[in-house]
Each structure stands twice: as structure tokens, then as C-alpha cells.
Amino acid sequence: MAASTSTTDSTTWNNNGLSSEEANKRLQQYGPNALEEKKVSFILLLLGYFWGPIPWMIEVAAILSAVVQHWPDFFIILALLLFNAGVGFWQEYTAGNAVEALKKELAQKARVLRDGAWLVIDAAGLVPGDIVRIRLGDVVPADARLVDGDYLSVDQSALTGESLPVIKNNGEEVFSGTVVKQGEVLAEVTATGSTTRFGKTAGLVEQAKTVSHFQKAVLTIGNYLIYVSLVLVAILVLVQLHRHEPWLDLIQFALILTVASIPVAMPAVLSMTMAVGAMLLSKKKAIVTRLESIEEMASMDILCSDKTGTLTQNKLTLGDVIPFKAADSQEVLLMASLASREENRDAIDEAVLKGMEAKQQLSSFKQTKFVPFDPVHKRTEATIRDADGNVFQVAKGAPQVIMELAALSGADLDKANTAVNDFAAQGYRALGVGIKEEGEENWTFVGILSLFDPPREDSAQTIDRAGKYGVRVKMVTGDNLAIGNQIAGQLGLGTNLLKSDIIPTGENLKVDNAIGEKIEQADGFAEVFPEHKFAIVKILQSRDHITGMTGDGVNDAPALKQADVGIAVSGATDAARAAADLVLTSPGLSVIITAIEEARRIFERMNSYAIYRISETIRIMFFVVLAMIFFNFYPITAIMIILLAFLNDIPIMAIAYDHTGLEENPVRWNMHQVIVVATAMGIVGVVGSFGMLLIAIDWLHLSVPQIQTYVFLKMAVAGHLVLFVARSKEHFWKRPWPAPVMIWSAVITKLAATLMAAYGFGFITPITWPEIALIWLYSIFSALITDLVKVQIYRHLQNRLPGQRTFLKKIRASFSPGNFGAAGSK
């Protein structure tokens with residue numbers, strides 16, 4: 001069965017849609033409804049790791065080894081080159097696969113008519129000729145022609161740059177990627193994939209990749225270490241050339257030392273750590289759409305949460321019905337049911353239809369037009385024809401909106417307001433119902449329904465947990481102030497809710513300090529429109545808060561984009577999901593708290609890696625360069641430096657899976673703290689290495705080759721121990737203990753280094769087991785000293801941060817008394 005051919009006559013479309021067989025044929029003919037991604041081939045991706053400044057250094061070192069015929073060096077350097085390329089490729093490939101898997105979970109869906117029945121399929125499966133239903137909040141899945149319905153208001157700004165929504169009527173085209181702001185229609189797909197207007201334009205658009213604050217900070221550290229390494233190596237080369245050292249050997253050694261000191265693996269480790277964390281979050285029903293947003297999640301200190309469906313169950317129950325111009329409550333429900341559409345599976349519509357005692361009455365009426373709910377007009381409206389051919393309109397929505405339509409006044413207005421307030425005092429949501437007869441100018445107020453959406457069982461506990469983590473939850477609701485206060489009180493949020501009329505809106509948000517302080521201290525906001533959400537986020541950000549905002553509708557998209565952490569809740573529209581940093585696939589707030597916990601763990605892993613990497617560079621570079629200058633011999637050979645790089649890389653890869661402590665307060669990148677702690681640890685390492693060197697020279701009287709083995713083993717053992725020291729602000733033997741994968745990777749590599757030192761295997765001068773035991777004991781003692789210094793440095797820095805403590809007091813003071821734990825550091 002084929003759909004009708006494209007024509008400007010909007011009536012010529014097949015009301016059974018395509019058959020499955022025909023759809024499959026067209027899918028083969030036209031291909032999937034997706035833009036073709038340019039993917040770098042497997043081989044080119046791998047070869048990329050052999051091209052660049054760092055690979056060039058290793059390659060030159062290998063060539064120089066071949067020139068001077070140091071064949072063991074040559075083969076081990078070659079192995080290092082292959083190992084670095086393999087590790088980098090594997091980490092990028094794994095992170096890429098993780099992101100691809102997350103994208104699949106967020107695949108856009110489409111409602112399509114096939115074989116006479118409505119189905120929900122992946123938008124990629126649409127073909128030209130399909131009949132699709134498009135409504136408020138949808139991202140249009142393909143180019144299509146409107147064939148049935150009233151109109152669509154479409155935001156085409158992403159495609160055309162038009163700032164205002166465009167009205168589309170039957171017979172007109174809508175384009176893939178545009179966002180529906182109002183209306184609901186049926187449309188026939190005319191183009192898919194790369195043949196759509198969006199597909200043709202996308203090839204010309206280059207999307208900039210954002211770099212998070214954390215990545216910028218770590219890359220700054222990386223650059224700093226590169227400059228330090230190059231300066232030290234330059235000094236070393238000049239001094240050794242002055243001493244008439246063979247220049248080929250010296251250049252080879254200098255290149256290898258530089259490669260070992262530069263944090264080559266830093267971008268790969270960061271990506272891997274965030275990707276592993278994002279995959280873990282996806283299993284907990286929270287999908288990260290932008291890996292870098294994990295940092296903001298760890299720093300978030302205020303979360304503005306929707307009430308309906310997030311703090312409450314979104315399972316509406318019909319309460320009392322108060323008739324006005326209706327014979328009884330069932331007549332009010334009948335009018336409300338006629339202003340509903342059952343197939344939309346809307347929670348309010350389902351509650352209203354469930355309350356009808358005689359649903360068969362609905363078959364006597366035909367809905368000829370339906371205008372769905374939108375956040376601006378706050379009502380649904382339908383045009384109805386009864387069995388006798390009479391036409392009338394019905395509407396249901398926010399009571400104040402229907403009261404205004406009906407121009408309610410006098411005693412009726414007082415009665416309606418009293419009913420709404422009484423319902424609100426009990427936590428019930430009121431819904432006004434109106435009717436307009438054909439030929440009449442005014443609407444008639446039929447009655448008021450009450451609906452109750454009980455709080456989720458876990459909401460109060462989750463809000464309490466958030467407070468203990470220094471995250472203050474503010475409720476944001478479109479309901480009136482009385483309902484908001486009732487629910488907020490039940491959840492332990494406090495009852496200092498503000499009406500939205502206090503919140504300034506518009507392009508130029510200028511807020512005086514008094515208003516800003518009220519918004520900062522409020523427990524929540526009632527009678528809120530989408531533009532208020534955007535303003536709330538902007539104002540809180542201007543007061544130095546890392547702000548999260550939840551949303552589900554198309555009009556929430558600007559607020560979600562503006563927020564530091566935009567969160568699309570379960571059941572959100574495509575437009576909201578596209579704007580969000582985090583997409584929840586299960587209802588409730590507890591998923592967000594889980595995401596905050598995991599984000600802070602990920603942050604701690606990256607923080608630990610940065611400290612370890614800086615301290616290791618200082619330890620290796622300063623020791624080797626100063627030892628050569630003062631003692632005039634190589635304290636470690638080039639081949640040993642390469643082996644150290646091998647042995648250190650394996651435990652580093654395991655850091656993405658490490659167990660970490662959970663900070664009680666929001667965390668932010670503290671560059672000063674990281675550099676001070678890492679430098680102190682590095683200096684302790686340098687002093688310890690010189691102590692070991694003096695023992696080898698003056699006490700054990702070892703030969704130079706034996707000293708080099710001695711230093712190699714000390715560097716390997718102590719280096720791995722530093723990784724365990726760096727992973728915690730407390731003493732390393734306290735909980736949480738390292739993950740088994742980290743322990744075993746370190747045990748295996750330390751064992752390998754010990755066996756190399758004991759037996760040599762042809763490329764290292766062996767040393768005795770008593771000497772090996774001494775190195776182990778010295779390294780463990782050195783790690784204990786490093787740990788004690790680290791803990792003292794952290795405590796000293798904490799005592800030197802009065803500004804931070806003042807900020808914490810400010811945050812705590814803004815929390816409602818008794819409802820929250822310690823607030824977070826900014």
C-alpha cells in the first residue's frame with residue numbers, strides 16, 4: 001500500500017499509512033533517515049598515534065639508537081612507541097564507543113502510521129510517504145508536508161536564523177530539525193536523511209567543541225610541565241656537551257627523558273575516566289549528553305527541580321468536582337473529556353476520562369478540531385459536533401485562564417476563587433472547564449475539577465540527601481502558591497515560596513541586590529512560566545552559584561541550555577532532551593543525586609591523576625638532571641626510562657575504575673591546591689631519591705651500572721606508591737581502599753620491575769636480593785613520609801582559606817534552618 005503522492009491538496013493522503021512491506025522497500029531505496037557521519041577509518045585513527053611531536057621524539061630516539069647500534073635500546077624504544085599508540089588508540093576507541101552507546105539510548109523517536117495503526121519507532125526508520133504525528137515539543141524528524149490538523153507554530157532558528165516562530169498551515173512544508181512550539185498535526189514525510197533541508201545545510205556547519213574548565217586547567221598544567229621539562233633538558237644537554245659527552249647518546253637520552261616526563265597520556269586518561277563514569281551513570285538511568293558536563297555536576301550547589309513528575313508521582317487522581325453551569329459533576333467531566341485526547345496518554349486527560357461513569361456518551365460527539373495544551377495559554381481546546389449536528393467549543397485548563405475566558409464576576413468569581421484556594425490548601429490542583437456554544441461570543445464556566453498528584457515516596461529522603469551534599473533543592477512549579485507551599489511543606493523544603501511576579505524577565509535582566517537575595521534564599525517558586533525558569537538560572541548564576549535546572553517541555557529548552565547542568569527529566573520532549581546535559585530515563589529526583597555522587601567521584605579520580613602526574617614529573621626530571629650535573633654520570637639509562645614509562649602507564653589506566661571518597665560539598669577545580677600538593681610530594685620524592693643514591697654510592701659502594709639498576713627499581717616502586725598516596729586527601733591506608741584492578745596492576749608491574757632488577761635479562765645489570773629488599777623498605781618509608789607531608793599540606797591549605805569558609809557560611813545561611821546539612825564550597 002503506497003501513500004499518496006505529494007501534492008498541494010492536503011486531503012490526498014492515505015489514512016492507513018504505508019504497509020510495513022512498502023516501508024522496508026523504501027528504506028532500502030532511500031536509506032536511513034540520518035545524516036551520514038564522517039568516520040575516520042580504523043587504520044588512519046591508529047596511524048595518527050605515530051604522527052605528532054611526542055611520537056616524533058620517540059621515533060628520532062629509535063633512529064639514533066639504530067645509528068649508534070644500541071639494538072636493545074632500539075627494540076625497547078620501538079616497543080614503547082607501539083605501546084603508547086596502542087594505549088592511546090584503545091582509550092579513544094573505548095571512549096568513542098561509550099559516547100556512541102549513549103547516543104543510541106537518546107535516539108529520536110517518531111509516531112508513525114503503518115498498516116493502519118500508530119507506532120512509535122526510531123526516527124531513523126522513517127521513509128518518504130510515511131504519515132507522522134507532530135506535536136508541541138517535538139523536534140520535526142524529517143522534512144514533511146502538513147496534511148491534517150489546524151496549524152503548527154515552528155521554531156526554525158536553528159535552520160534559518162529566524163528569531164520568531166513561523167506558522168505552518170495544511171499543505172505547507174516543515175523541515176527536519178526544527179522545533180514545534182504550538183499545535184498538533186499529521187504530516188506526510190517528503191524527504192529524509194541527507195536529502196532534507198537540514199541534511200543539505202549540515203555539511204556547511206561546523207560545530208565547535210567546548211572544553212571544560214577542568215580540561216583547560218589540566219592542559220595548562222600539561223603545558224607547564226612541558227616547558228619545565230624542556231628547560232631542564234636544555235640545561236642538561238648544555239652541561240654534558242661542555243663535559244664532551246658523546247652527543248648522539250646525549251640527544252637520545254634527552255629525548256627519552258623528555259617523553260617520559262611529559263604527560264602524554266593526560267587527554268586519553270581524562271576522556272577514558274569521564275567515559276567510564278558516563279557509562280556507569282547510564283546504567284543508573286542518567287544519560288550524559290556532554291562528557292564535560294560531569295565537572296559542572298560535581299560543582300553544582302543549587303538544583304531547581306520541577307514539581308510534577310520529579311518531586312511528585314505524576315499519577316493524577318480525580319478529587320471533588322464542583323459544578324457551576326452544569327447539571328451535575330458528570331456533566332462537568334463530560335465537557336472536560338471532550339477537551340481531551342485519549343491517544344495522547346496525557347496524565348490529566350487520563351484522570352478526567354477515568355472519572356467518567358458513562359464513557360459511551362463520548363461516542364455521540366465528534367472532535368473536529370483539537371488545540372493541545374501549551375505552557376503559554378495553559379489550556380486545551382476542542383471543537384465538537386454532536387449527534388444532531390450542533391457545533392460548540394470546550395476548553396479545560398488553569399482555573400484563572402478559564403475564569404478569564406468566561407469573564408466570571410461577582411458571587412461566581414468569589415465561589416470559584418474560594419474553591420481553588422480550598423483545593424490548594426489540601427495540595428489539590430484545580431482545573432477549570434468552559435463551554436462556548438455556536439454563535440455565542442462569551443464562554444460559560446461549567447465547573448472546577450480537583451486533581452491530586454501525591455509526592456513521590458523517596459522525594460523527602462532524596463532532598464535531605466542533597467542537603468547533606470551541599471546541594472540546595474528549590475521547587476519550581478506552574479501551580480499556584482498555596483499548592484506549592486502545601487507540597488513543599490510535605491517534602492521538608494520549607495514554605496518560603498515566591499510567586500513568579502517578583503522575578504524579572506526580558507533580554508536585559510537587571511536585578512537589584514534585594515530581589516537577587518530573595519531569589520537566592522527562596523525555597524521555591526510558584527506560578528512559573530518558562531521565561532521565569534531562564535531568569536531564575538541567570539540570577540542564581542550571577543550570584544556565583546553553579547545551578548542545575550530540570551525541565552521537560554520545549555519552552556524549558558532555553559533554561560536548560562543556560563543552566564550549568566540542564567537536566568531533562570523522564571518523559572521530556574525531544575527539544576528539552578537536545579538542550580540538556582543530563583537526560584533522565586527514570587522518574588524522580590534520586591537519579592540526579594546518584595549522578596551528583598558519581599560526578600564527584602569522577603572529579604576526584606581526575607584530580608588524583610593531575611596531582612600524581614605533576615609530582616612524578618618533578619621527581620623524575622629534577623632528580624635525573626641534578627644527579628647528572630652533580631655526579632657526572634647517568635643515574636638511570638635510556639632503556640630504564642622507557643621501561644619505567646611502560647610500568648607506570650598500566651596502573652594509570654586503571655585510575656578510571658578506582659574507588660574514591662565522596663566529598664560532602666560541591667567541588668571545584670583548585671589549581672593552587674593541586675600545584676602546591678603535587679610540588680611538595682615531588683620535592684619529597686627528589687630528596688628521597690638523592691638519599692637512596694647516596695646510600696648506593698657511599699654505603700653499598702655499587703658500580704655505576706648497579707647504581708642505575710638501583711635507581712630504576714626505586715623509581716618504579718616509589719612511583720607506584722605515589723599513585724596510591726595521591727588518590728586521597730587523608731592517609732593512604734584509610735578507606736576507601738583502592739579498586740582491586742589498581743592494586744593488581746601495581747602488584748604485577750612492581751613484581752616485573754623487581755624481577756628485572758634481580759635477573760637483568762640481558763639489558764639491565766642485576767643487583768642482589770638484600771639490595772632489592774633495602775630498596776623496597778626505603779620506598780615504603782619514603783611513601784609514608786610523602787603521605788605525612790601531603791596530609792599536613794592539605795590541612796595547612798584548609799586553615800589558610802578564610803574566603804572559602806566565609807563563602808560556606810553564606811551558603812549555609814541561605815538554607816532553610818534544620819532542613820540541610822553542610823553547604824558546599826564554591
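Residues are numbered from 1 along each chain as its sequence is written, and side-chain values use heavy atoms, with hydrogens and water left out. Because the model is predicted, local features need pLDDT of at least 70 and side-chain atom pairs count only at pLDDT 80 or more, while totals for chains, interfaces and linings use all residues.

**Stop 1: salt bridges**

The count is 25 salt bridges. Each is a side-chain nitrogen of Lys or Arg within 4 Å of a carboxyl oxygen of Asp or Glu.

Select Asp-122 and Lys-109. Their closest N and O atoms are 2.6 Å apart. Asp-122 sits in strand 2 (residues 117–122) and Lys-109 in strand 1 (residues 109–114), 13 residues apart. Strands (E, at least two residues) and helices (H or I, at least four) are DSSP runs, numbered from the N terminus. Asp-122 is partly exposed at 36% relative accessible area, and Lys-109 is partly exposed at 45%. Buried means under 20% relative accessible area, exposed over 50%, and partly exposed in between (1.4 Å probe, protein chains only).

Next, select Asp-130 and Arg-114. This salt bridge has its closest N and O atoms 2.7 Å apart. Asp-130 lies in the loop between strand 2 and strand 3 (131–135) and Arg-114 in strand 1, so the pair ties together parts 16 residues apart in sequence. Asp-130 is buried at 0%. Arg-114 is buried too, at 11%.

Move to Asp-349 and Lys-396. Their side chains meet in a salt bridge (2.7 Å, N to O). Asp-349 is in helix 13 (residues 347–355) and Lys-396 in strand 13 (residues 391–397), 47 residues apart. Asp-349 is buried at 4%, and Lys-396 is buried at 4%.

Then select Arg-133, Glu-184 and Arg-341. A network of salt bridges links them.

**Stop 2: the largest cavity**

Seven cavities have 30 Å³ or more. A cavity is a set of points on a 1 Å grid over the protein atoms alone where a 1.4 Å probe fits but cannot get out; lining residues have an atom within 4 Å of a point. Grid points are joined across faces, edges and corners, and the volume is the space filled by probe spheres set on them.

The largest cavity holds about 50 Å³. Select its lining: Arg-619, Gly-685, Lys-714, Ala-718, Val-722, Ser-779, Ser-782, Ala-783 and Thr-786. Helix 25 (704–726) and helix 27 (769–799) each give two or more residues. Helix 27 gives the largest share, four residues.

Note on methods. On a 1 Å grid over the protein atoms alone, a cavity is a set of points where a 1.4 Å probe fits but cannot get out, and a pocket is an open set with protein on both sides within 12 Å along at least five of seven lines; lining residues have an atom within 4 Å of a point.
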